[in-house]
Amino acid sequence: MKYFILFILLFPTTFSFSQNINKGFPEPDKGCLSCHQGIEPIRQHQSEMMQAIYKKGAKANDPNGCVVCHGGNPNAKTAAEAHRGTNDYLLSHDGPSTFYPDPGSSWINENTCGQCHPEQISAQMNSLMMTEQGKIQGTLWGFGGMEGYKHNIGNYETANPDPHDRLGTAAYKAYMTELQTLNPLVYPDKMRSLPPAPTADEVEENPQLAAYTYLRQECQRCHTGSKGRQKRGDFRGIGCSSCHIPYSNNGLYEGNDPTISKTKAGHLLVHSIQAGRDAKVTVGQATYSGVPVETCTTCHNRGKRIGVSYQGLMETEYTPTYNHRGEGQPKLHTKHYLHLQEDVHYQKGMLCQDCHTSNDLHGDGFLSGSTLAPVEIECQDCHGTTKKFPWELPLGYSDEFDTKPADGNARGVASRLPEYLEKGTVYNRRDGFLITARGNPYPNVVRTGDSALVHLASGKDIVLHPLKKLTDEKKLSLNGRVAMDQVGSHMERMECYACHATWAPQCYGCHVKVDYSRGLQHVDWLAAASDHDESGLTGGARGDLQKYLVDGEVTETRSYLRWEDPPLSQNGEGRISPTIPGCQTTITVIGKDGNALIENHIFRIPNAEGGGEEGQLGIDMSPVQPHTIQKEARTCESCHASAKALGYGINGGKYFGDPRTDLIIDLMTADGEIIPQEVTVQKPGIKNLEMDWSRYVSEEGEQLQTVGHHFKLSGPLDAETRAKLDRRGVCLSCHQSIPDKDLAVSLMSHTAKYAGVYIDNETHQGILHKLVLFGAWGQVLLGFVLGIVVLLLIWKFVMKR
């Protein structure tokens, strides 16, 4: 007996314990599972999706269904034989044509995911996550506006399908057709592929071509057709697997398949799909549903940084704090972070997918040139306004692409979902599905009387009380009531997050060096992604990145970082929005001989945004939804008493010395003459930068850099808006007479002093409030008295006649 037990312990795979290890599979010890014992089911065994896989797998002679997604030969005798070959049944039923290690890969997923989700697969190649047109246009803008305002270059050549193939309701399709007509440069009909990276010799002739090196080596590694960079926080799959297959920050496998290494980074966390509420993923003792926010931040940690900002993460050059071994903070996404306030939605447990719709994420099948272009949602879709419930608002509210609020018929609620949205979790519609600003129903948000019920993918349900209900029930704070209800222009002209986003990452001055000396080379991520084999694996996924080295090496740094009180501008929708540095690129290109071809250069873009023939500086401030929403909004003073909010710069742009001059620090005379003959320039100048990076409009209204170069309505606040906003210096209105510059004021001040009146902030506000009331009623009474006097004089004149 003891030898029998020893045999079982030493050779467990030869004994039929797979019945327990792979419990739930139709044939737990056969086919692929004879090697992959313990592997997790891609979905729960009893789920509708898994049952469909088993059914199709049985017809393909694989009852466990592995070949339905992965292809290959489940009845082979060796791993090499299993991981190749075809299946006649699957070939004749639009299934895998060979073995697919990552079935979600964009390059083959029409044969895998597309078997059940053809709509999303057909839309993916034109989605912004695949094309990255906005990122490309923005980078080329900083190199001199190489394509102007056109968004017609992307990662791959593609074109729009038939207009009838757009995903969405009839109302949504009509809305998007009108939007495309209004902004044709942002919604192009077709797209050509990004030019190849230049050689060092080509850059010698035209340094501007370094833009393509910059894009291909740095910016384009995050699109969904690429495996991406294999560093902490950046591990992910390809295509559908980018979002729907879990990867931890450390990229380690924590499942039970003995064939997958648990120590080598770069593997999925477990072999399960993360999607909606019904898709449960089990990792060890934990079970969750939905796509975790950290999956999204795999990519959304750069540029606008909305993913990490949502988590309360703000970049820092430092490494706080030390761990028990005295080590500084480890890098995440190759950066270090401070922990600021998390977005209130994140605090409530909301995932990105709980707000962002299928069309936001997968695309609707048509090209969209910037992040604002495909996003169909607005805050008011769920929260409404103080005057109207969400279902009482017209379509397009807060998404006007105009400078006046949308009007029209109430959007109402939807009684059913489009067919393509019914393949996920379908909730009870209650009193109807709420509708987005562009006309599609929210599958997870339903009306319940005068409230809304938000079903989270994580399994939570949140009851949301719209602003009108809170107003009617007098549950708004004084600040909230004044800002949102009494000052009507706030709701009509501003984004909600102009006030409620209390911080935003502001990376001022992006200094880019592209160095072609010493034979330097680096990976062309787009070339690696484009070079995919029949299995769907890209060059990056195959691990042979050395094949994709191109001339040059990119280095980036910045001038300074801020997060507090972001400035304001008008966004492409025509609403006032927080604003952060976009691509404020200052370019240095080092030639083959080690000398600068261009040094600390800011390109000018002729005839752009008030620049005239000389051109506007090609550095940009970008309107943004920072995803840092707090229930308690920023203070009135942070905008109305701030030069920065107006666009005049931090402290009016007065902190910094002249950035154009070379800064030399050494021994010098009282007159500033440098004494030593041998000196080193401490900070080279930027010849055509005349102001601080944070300043983008002058007090006289001259635009100093571009502001949001995607949509034509983007720009600094106009003169009328700045005049309404600017209340700087208002303290002097009273204090120029206090305490003794006016007889009456002096008497009041002395009375208060000797009466022991202590004026704190609350008392001060009370005094001002009384003065407003006294002044207003005084004017009214004065007008009334004058009116009586005039009437008496008229009566007297008439009586005399």
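How many salt bridges does the count come to by the rule used here? The count comes to 36 salt bridges, a salt bridge being a side-chain nitrogen of Lys or Arg within 4 Å of a carboxyl oxygen of Asp or Glu.

The model is predicted, and local features need pLDDT of at least 70, side-chain atom pairs count only at pLDDT 80 or more, and totals for chains, interfaces and linings use all residues. Residues are numbered from 1 along each chain as its sequence is written, and side-chain values use heavy atoms, with hydrogens and water left out.

View 1. The side chains of R221 and E218 meet in a salt bridge with an N to O distance of 3.6 Å. R221 has a relative accessibility of 7% and counts as buried, and E218 is likewise buried at 15%; buried means under 20% relative accessible area, exposed over 50% and partly exposed in between, computed with a 1.4 Å probe on protein chains only. In the second pair, D461 and R277 meet through their side chains at 2.7 Å, N to O. Because D461 lies in strand β11 (residues 461-464) and R277 in the loop between α13 (241-244) and β4 (280-283), this pair ties together parts that are 184 residues apart in sequence. Helices (H or I, at least four residues) and strands (E, at least two) are DSSP runs, numbered from the N terminus. D461 is partly exposed at 42% relative accessibility, whereas R277 is buried at 15%.

View 2. K724 forms a salt bridge with E720, and the closest N and O atoms are 3.5 Å apart. The two residues, K724 and E720, are four residues apart in helix α28 (residues 719-725), which means that about one helical turn separates them. Both K724 and E720 are exposed. Elsewhere, a network of salt bridges links D531, D533, R542, D544 and K547.

View 3. Six of the eight residues of strand β9 (residues 441-448) are buried, so the strand is largely enclosed by the rest of the structure. Strand β8 (residues 433-435) runs antiparallel to β9 and is joined to it by two bridges, where two strands pair if DSSP finds at least two bridges between them. I435 has P441 in β9 as its bridge partner. The hairpin of β8 and β9 has five residues between the strands, and G439 in the turn has a positive phi of about 110°. On going from β9 to strand β10 (residues 451-455), four bridges join the antiparallel strands, and V446 stands opposite L453 in β10. The hairpin of β9 and β10 has two residues between the strands, with G449 in the turn at a positive phi of about 70°.

View 4. Six bridges join the parallel strands β12 (residues 503-515) and β18 (residues 585-590), and C510 stands opposite T585 in β18.

View 5. N600 is found in strand β19 (residues 596-601) and counts as buried at 16% relative accessibility. Leaving aside neighbours within four places in sequence, N600 is in contact (heavy atoms within 4.5 Å) with T586, I587, T588, P684, G685, I686 and K687.

View 6. H500 lies in helix α23 (residues 497-500) and is partly exposed, with a relative accessible area of 21%. Not counting residues up to four places away in sequence, H500 touches M484, T628, I629, Q630, K631 and A633. A polar atom of the H500 side chain lies 3.5 Å from the backbone oxygen of K631.

Conventions. Polar contact = N/O pair within 3.5 Å; in protein donor to acceptor, adjacent residues only side chain to side chain.
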